[in-house]
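Hi there,

Here is the structure I promised to pass on to you.

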Amino acid sequence: MTTKQIQWFPGHMFKSLREIKERTKLMDLVIVLLDARLPLSSMNPKLMEIIHHKPMILLFNKMDLADDKVMNTFLKHYQQQGFYTLKIDAATGRNVSKIRPLAEQILKEKLDREKNKGLKPRALRTMILGIPNVGKSTLINQLSKSSATKTANTPGVTKSQQWIKLGQDFELLDTPGVLWPKFEDPKVGFHLAITGAIRDKILPEEEVVYYALNYLQTHYPERIKKRYDIDQEDSLETMLDKIGKLRGCLLKGGDLDYERIYHIVLADIRNKQLGGLSFDRFEDVSV
Ligand code: G4P
């Protein structure tokens, strides 16, 4: 990826990692929210380095938009690595009710130990971490909907931070930890752009759509055949031509309106018109 393409990479990433490191010290458990369609691209390896010692749940959000088969392979892989995982749809609330019991199960030993030492029972604390647009606010809303009111500001933490009570003994920090993904691999940038995790126009739209069409042609040939009548041997030009003609994307003189074609392809992908799709593949796992 060229310097120009990554200019938008925010300089405050290191600051937020430092802040997250500080805040996680207060937590009994952290919830890492990943995009189920791109569990590798939406995972920040630096984050994993600073929180690897913490009890943790990996949540695969937007399960409704992912390719089940690929998503399940990733889930199995992380479970085999010893991670606790859940796939959820924060938008509808699917599986969200399983989060707290899982957290309690993970922390049971710690709690029992504290009890045996004669320590007073206390509320367990957790926070949600993830890249922008992965669904952190949606999940926090779901979790607070199903539970109770906010507690008052707690002494010792910043005034603006509040804890949401989840049931009797569980508290969630209402400010999620936002961090940026890692872009050294250009694929990551494309995957984030295709799924709308980063704003359109940050990467050149035509490059994003070319990448997407090539990817679909390789991994989901039958889906793009059905929707756009694209064949596996079609060139990029032919693909754009077919989509443009099929969807009436023509300018006054009869030329193809490429801008409209790009928008149609991206909207179809994001609105599930091509079915559940995954953009990270298991072959790309390096651990
Ligand atoms: P963030 O706090 O991590 O930045 O993300 P946020 O909750 O704002 O969610 C980003 C977008 O993802 C929102 O859509 C939200 O509705 C959507 N979203 C979150 N979880 C899920 C999920 O499990 N499935 C699906 N399909 N979508 C999910 P938006 O277009 O920005 O807003 P809106 O359409 O909800 O108004």
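Below are some notes on confidence, on the ligand site and on one pair of helices.

Please keep in mind that this is a predicted model. The average pLDDT of the chain is 88, and 89% of the residues reach a score of at least 70. Residues 1-7 are another matter, with a pLDDT below 50. That stretch has nine contacts in the model beyond near neighbours in sequence.

Now to the ligand. There are 15 residues around it, and Asp64, Asn133, Lys136, Ser137 and Thr138 come nearest. In the side chain of Thr138, an N or O atom is 2.5 Å from an oxygen atom of the ligand. Asp89 also places a polar side-chain atom 2.8 Å from a ligand oxygen. With Val134 it is the backbone that takes part: one of its N or O atoms lies 3.3 Å from an oxygen atom of the ligand.

The helix pair is made up of helix 7 (residues 205-219) and helix 9 (residues 236-246). Their axes come within 11 Å and cross at roughly 95°, which means that helix 7 is roughly perpendicular to helix 9. On the helix 7 side, the residues in contact are Tyr210, Leu213, Asn214 and Gln217; they meet Leu236, Met239, Leu240 and Ile243 of helix 9. Sorted by class, this contact has six nonpolar and two polar residues, with no charged ones.

Note on methods. Residues are numbered from 1 along each chain as its sequence is written. This is a predicted model: local features need pLDDT of at least 70, side-chain atom pairs count only at pLDDT 80 or more; totals for chains, interfaces and linings use all residues. Side-chain values use heavy atoms; hydrogens and water are left out. pLDDT is the predictor's confidence in each residue, from 0 to 100. Contact means heavy atoms within 4.5 Å. Axes are lines fitted to C-alpha atoms, for helices over the stretch in contact, and angles run from 0 to 180 degrees between N-to-C directions. Helices (H or I, at least four residues) and strands (E, at least two) are DSSP runs, numbered from the N terminus. Angles under 35 degrees count as roughly parallel, over 145 as roughly antiparallel, 65 to 115 as roughly perpendicular and the rest as oblique. Ala, Val, Leu, Ile, Met, Phe, Trp, Tyr, Cys and Pro count as nonpolar, Asp, Glu, Lys and Arg as charged, and the others, Gly among them, as polar. A residue is near a molecule or strand if one of its heavy atoms lies within 4 Å of it. A polar contact is a pair of N or O atoms within 3.5 Å; within protein, one must be able to donate a hydrogen and the other to accept it, and residues adjacent in sequence count only if both atoms are side-chain atoms.
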